[in-house]
Amino acid sequence: MPIGDVEVPVIGNNLVIPLLVVPHILIAAYIIGINLIAATSELVGMITKQRRYDRFARNAAKTTLLLFAVGSSLAFTFILALITLYPVLFSHLQNIFFWVYLAETFMFVGEVITVYAWYIAWDKMAYRKNLHVTMGFVAGLFGLTQMIFINVVAAYMLTPSNAPATEVGWTFLNPTYMPLNMHRFVGNFSYGGFLIAGYAAYRYLRVPREEDREYYDWLGHWGIIWGFGFLLIQPFIGYEYMTEIKAHSPGAFEYLMLGPKSWLFNLLMIELLIMFTASVAYCLHKIKFAVKPAPRLRNAVLGALGLTAIFGLLNTIPADLYLVPQIGLVFGEKVDPNIGLFETPPIPLGAMYPYKYIGLIGLAFVGLFALALYLKAAAGGFHWGRANRWSQYALLATAVTVVFTMMTMGYARETARRAGNGAEDGWLIYSCLTLQKQKFVGEGCPSAPRETP
Amino acid sequence: MTLVEVVVLPPLAQFFVGFFLTLLIAGGSVLLMYWLGQGEEE
């Protein structure tokens, strides 16, 4: 049997990889995000002497430990599946990115050692808190560096550099490498923050003790600051990321923005609308419990909530009614994929320029305004433990939505390589290595023509 | 040549199977770990 001739029944070969990678990413992104948030919380707790920061950091470290094994098992299984099902791709990547994989491995080992030591030594190092906090940050940085290394490979597959594979600098620093790093760096914090907020809400609604209610009310607030705060930057980084994809893999860009998978970005806008609106609504509710009453701040945040809904809804308007062709959700003409930026699509309000720009920039700035007012109110302190259940439902909504957003965006990045190689095929490495037969094509990637073994 | 015809779901069915299996694997592992971690100090 020739290598790579394994056929997986029922789900097919192509589905094996995402089935392992998406759960892995959902867990790994959480670990990276929460590790750094927890280390920061421990530092804040050390400085302010408020016990709740330390309580959260310790529990967060515990969840990191519990989930680490599952996350890494999925990663190992994924590598096994990749070698078995896509041997040409893997050997090619292994040849180009040997040093990246090696460094990745050491970062993994470093993270395992430090994160376990960090949790186990919590009590033992209670009087050496500086060192202990440093250990938490080192563990977080190992995780972060691990992500930065694997991003080299992930970015290369979508936008390979037009340079020989032996040009290490060109292959490593490929066009979407830095935008992807920024996008995932910020995304991990936002994702981790919203999940903390969701967990806090779930516990807040269930715990009977007043002390615990106060703690989980505070934890929801702490989570939303991270989640919402970092989410505000994402539209700008995401725009930069898409701009690089447009410049270097235009087929993939069109496929996502105007082609058969443009519904992914319509879906993303709905998810952003939910997360932004729920976050601002939560801030509005919490300001009511500020120790120093702040009716003017509250009115301003109420206005911000209205604007958030308007800008968010503006973003969700599609350019045409050719919504999801894959399931037959088609009610009108498809927009011309070569439409100019200043031309009008079938639904004028769905045009990228100026409406989506207004919507995205407006959403980010109004969100920033609302968060700033919320933080101003929070500086004077809140009466914890009094939040109503609807505010907690808002937190739960952000947590559920952020999981779907991660899945939407992960799917978008990978399905973008379906473009530009016929309806039935796609690319493993964009414009270089085909998906179904694993054949190298043309020059440029690698720069010299090469035959598949 | 394969001895047995390998049956694979159509792409749309694969998408939905993938979606729900992803949620099941990720959600299931988180819930399992949550259950295992319960009972310790919080």
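Guide: What follows is a walk through the labels, one at a time.

Guide: This is a predicted model, where local features need pLDDT of at least 70, side-chain atom pairs count only at pLDDT 80 or more, and totals for chains, interfaces and linings use all residues. Residues are numbered from 1 along each chain as its sequence is written, while chains are lettered from A and ligands numbered from 1 in the order in which they are written.

Visitor: What makes up chain A in helices and strands?
Guide: Chain A has 14 helices and four strands. Both are DSSP runs, numbered from the N terminus: helices are H or I with at least four residues, strands are E with at least two. Chain B has one helix and zero strands.

Visitor: How do you know whether the radius of gyration of chain A agrees with a compact globule?
Guide: The radius is taken over C-alpha atoms, and the globule rule is 2.2 Å times the number of residues to the power 0.38. For 453 residues the rule gives a value near 22 Å; chain A has 23 Å, so the two agree. The C-alpha atoms of chain A fill a box of roughly 70 × 60 × 40 Å along the principal axes.

Visitor: Why is A:Trp218 called buried?
Guide: Count the other C-beta atoms, placed from the backbone, within 10 Å of a residue's own: 20 or more is buried, 12 or fewer is exposed, and in between is partly exposed. A:Trp218 has 21, so it is buried. This residue lies in helix α8 (residues 210-231) of chain A.

Visitor: What does A:Trp218 contact, leaving aside its neighbours within four places in sequence?
Guide: A:Trp218 is in contact with A:Arg52 and A:Trp384. Contact means that the C-beta atoms of two residues, placed from the backbone, lie within 7 Å.

Visitor: Is A:Val10 buried or exposed, and how do you know?
Guide: A:Val10 has 12 other C-beta atoms within 10 Å, so it is exposed. A:Val10 sits in the segment before α1 of chain A. Its phi is near 65°, a positive value in a residue other than glycine.

Visitor: What about A:Lys49: buried or exposed?
Guide: A:Lys49 has 8 C-beta neighbours inside 10 Å, so it counts as exposed. A:Lys49 is in the loop between α1 and α2 of chain A. Phi of A:Lys49 is near 60°, again positive in a residue other than glycine.

Visitor: And what makes A:Gly381 exposed?
Guide: A:Gly381 has 11 other C-beta atoms within 10 Å, so it is exposed. A:Gly381 is in the loop between α13 and α14 (389-415) of chain A.

Visitor: How many residues are buried, as a percentage of each chain?
Guide: In chain A, buried residues make up 47% of the 453 residues. In chain B, 10% of the 42 residues count as buried.

Visitor: Which residues of helix α3 in chain A are buried?
Guide: In α3 (residues 87-96) of chain A, they are A:Leu89, A:His92, A:Leu93 and A:Ile96. They cover an arc of only 95° around the axis, so they lie on the same side of α3(A). The arc is that of the directions from the helix axis to the C-beta atoms. An α-helix has 3.6 residues a turn, so residues three or four places apart point the same way. The cover over the buried residues of α3(A) includes α5 (129-158), α6 (168-172), β3 (427-429) and β4 (433-434) of chain A.

Visitor: Why are α9(A) and α10(A) called oblique to each other?
Guide: The axes of α9 (residues 234-248) and α10 (residues 250-257) of chain A come within 5 Å and cross at roughly 125°. Axes are lines fitted to C-alpha atoms, for helices over the stretch in contact, and angles run from 0 to 180 degrees between N-to-C directions. Under 35 degrees is roughly parallel, over 145 roughly antiparallel, 65 to 115 roughly perpendicular, and the rest oblique. So α9(A) and α10(A) are oblique. Their contact is made by A:Met242, A:Ile245 and A:Lys246 of α9(A) and A:Pro250, A:Ala252 and A:Phe253 of α10(A).

Visitor: What classes do the residues of that contact of α9(A) with α10(A) fall into?
Guide: They divide into five nonpolar, no polar and one charged. Ala, Val, Leu, Ile, Met, Phe, Trp, Tyr, Cys and Pro count as nonpolar, Asp, Glu, Lys and Arg as charged, and the others, Gly among them, as polar.
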